[in-house]
Amino acid sequence: MLNDPRTVRITGDATAAVYRRVDDADAERRPDDYRGRPVREAYVWCNLTSGNGARALWLLLLPFMVVNLAHWMRPTTRGHRRTVRLYGLLVRLTGLTLTVLLVAAACEVALDLTAWQCAGNGACAREHSWLGFLSPAVSGDGWWSQPGRRLALACLVPAALTGLLWYLSHRTWSAYESQQPMSRSAEPDEDTGRTALGRPGFWYGRRLVARLRAAHTAAGFLTVAAAVGTAAARHDRASGGPALLATLGTLLYAILLVGAAVVLWVVCRRGRSENRLDHELDQSLVRRLPLGSLALLALTLVYAGWPRPGWHSAGRLPGDMTFGGIALVQGLLVIALGVVAHILYRTRPDSRTAMRGLAGPAVAMLACALGGVMSGGVSQRVADWLDGTRHSIPGPPVLLTWQASAIPPLLVVLLALIAWLAWRTWQLRGREMGTVEFDYRTEPKDTARTRRIASTRAMAALTDRTPLMVGVISSVTLLLGAGALAGALGTQDAPGEAARGTYGFVQGAAETAQALGSWLIGLGFILFVTWGRRAYKDPAARRTIGILWDVGTFWPRAAHPFAPPCYAERAVPDLTWRMATWTHSTGGRLVLSGHSQGSVLAAAAAWQLKPSVRKRVALLTYGSPLERLYGRWFPAHFGPAALTSLHREVACWRNLYRLTDPIGGPVRLPGDCGPQVDHEPLKDPLAYGRTERHPLPAPILGHSDYQADPAFAGERERLLARLRPDVPGPRPQADGQGSSGRSSA
């Protein structure tokens, strides 16, 4: 970034820091040496998203990250505070169902498939000797062989998973959400029309994350307690056993309902406090709610482990009702979220907004689908491992089999969509052939070279088709999910069994979808585990995951506390503190230069500055997704009004982009602001054929190496020239005239 192998850290730590060239380390002490030229700095933040091998565990949190994105995809509106709050509430409730779904899947594997079905079946238990002490047939009715005690022991697995999620969230909360932004006076609660990214408390969400962490942890423990306790309570009511146990079972139901109500109240009660720095933590609630649910789980284990002669495990635990209820609630929440998003979009419609404001509900649907695939995948693989093809145990709930059977039809739709996109891309390449020839009309014609450039431009344009892809996939997923739920509840049989006696084509299609879906969901689980294992050991693979996290974890954890942490809650305060303290100590001005995701951080940091400091900052963005991705998918925060206000509030702003870049694009400000910000598209490649300046073929750079284009240096010099006339002399306590900072991905 600094074009010099000799660098020194100026401020920061091993996670994120500001660097300079060694020769520039003491530039403020030698102002005469830097008269008329800038001092370069580089802010390096890659370890916030890649880091050590433990980041591979973040793959487990993928559905949580996706649903958190849905919270920030709210359409642009002005006023309508209650509707905006309802939107956030619906997303938070959807996130809560994902936590319950993940823990329920762990209960399905540990309690139902392993402790209830396999350990209760002599043939299955003999195939897995480590289950022998839990099997009545193998252990000779040993102490652990009673169903309640088996369930009590097996529930340690989902309880440990819940504890792991709490630990990861608390650890990252201490490292990210606890970073102190610059203190500023509180702003009024009413909507002022400015982007929320400029509010004092936007990058300080530790109170909400702490509350949601307590609620989701309690929900996880309550789910485990319900899985263990309801099985014992159901037996006590049906067997005519001791009245005391039946009474305790009824009391357990009541306490579980009270606990669920408290969790819902905590999730619904409070959203984010962005207009001020909220230093409160609700310590009593944050501590007592998880501990109370853990204590209830411990009492439930005692209740379930109480001796019950004559109790034997048979069939399945009631997983169909559990997973069916979760799927139904998720579908209703997504539909309600779509209605609310449509109402908000109609107040201020914008043709550039992705999916006409329905991006948030669509992404929430995909998060639920990811959670379902992960749950079904692990259940199917464990069932295959325990039983194979012997069919000695019933296996996973019927609903999970129906959901897996929906994957092949979804893949057919996806393949058709890919084929259509390929055809449109081929058509666009044909049109781009003429445009490329016109752009390089002074060069000798080379059809192969022209085709490569045109193909790159056409492929880069696929990014603008993403809303269509997401919309189609999420809509089909919702319909297939509804069909799977109706089929499972209506037939109580797997698709192949339910289709017997119908037309041969229908039965064959159902059996094929069931077999192929089971294989695909198992394969997906294996690939997921393999990718996570590789990411743990391979820094290069971990960096690939870090690129995915760049967008997914830019936003604060507003909907799900177990999502990967928001790196911007560290990076934005870092940049803000650096710019504010440097301008205050030197009286200088600076150019903030950002590439790709770094340009988003640069904009967010500029919004956090005081207006007087913001006027000392010029922006230079290149390969920037500010409008192409963020403006379309997150219009409430990066829409035209927000970016126009940023242009007016900073000293000056220039944006560079290429038609071959699949990520960066123009800012597209309305009116006269557009040409003031957006440079005309840079040529890529710089040279069409071999020239005296480029004797070898010039590469097609796409999203990378913008600094190789002469336009980059030219625009930076022009920005510096616009700043220099107003640069004051050095202040007595520190020397320095001007600086060029860079925030780059």
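These are my notebook entries on a predicted model of one chain.

**Ground rules.** I'm working from a predicted model, where local features need pLDDT of at least 70, side-chain atom pairs count only at pLDDT 80 or more, and totals for chains, interfaces and linings use all residues. Residues are numbered from 1 along each chain as its sequence is written, and side-chain values use heavy atoms, with hydrogens and water left out.

**Whole chain.** I looked up the secondary structure and found 26 helices and seven strands. The C-alpha trace spans about 90 × 60 × 50 Å along its principal axes.

I then looked at burial, and 53% of the 745 residues count as buried. Buried means under 20% relative accessible area, exposed means over 50%, and partly exposed is in between (1.4 Å probe, protein chains only). For contacts (heavy atoms within 4.5 Å), I took the pairs at least 6 apart in sequence, and 80% of them join residues at least 24 apart. On charges, the mean positions of the 82 positive and 54 negative ones are 3 Å apart. Lys and Arg count as positive, Asp and Glu as negative, while His and the chain ends are not counted; the place of a charge is NZ of Lys, CZ of Arg, CG of Asp or CD of Glu.

**E41.** I found E41 in strand β3 (residues 40–44), and it is buried at 7% relative accessibility. Which side chains does E41 make polar contacts with? One is R20, at 2.7 Å, and R578 is another, at 2.3 Å. A polar contact here is a pair of N or O atoms within 3.5 Å; within protein, one must be able to donate a hydrogen and the other to accept it, and residues adjacent in sequence count only if both atoms are side-chain atoms.

**R614.** This arginine is in helix α21 (residues 611–614) and is buried at 4% relative accessibility. I traced its side chain to the backbone oxygen of L609, at 2.5 Å. Leaving aside neighbours within four places in sequence, its contacts include R194, W607 and E649.

**L421.** I placed L421 in helix α13 (residues 407–439), buried with a relative accessible area of 7%. Beyond four places in sequence, L421 is in contact with L462, R465 and M469.

**G587.** I found G587 in the loop between α19 (568–586) and β4 (589–595), buried at 0% relative accessibility.

I picked up a cis peptide bond between D684 and P685, with omega about 5°. P685 lies in the loop between α25 (673–677) and α26 (710–723), and D705 is in the loop between α25 and α26 too. Phi of D705 is near 55°, a positive value in a residue other than glycine, and D705 is partly exposed at 44%. For D141, phi is also near 55°. D141 sits in the loop between α4 (136–139) and α5 (147–154). Is D141 buried or exposed? It is exposed, with a relative accessible area of 58%.

Definitions and conventions
Helices (H or I, at least four residues) and strands (E, at least two) are DSSP runs, numbered from the N terminus.
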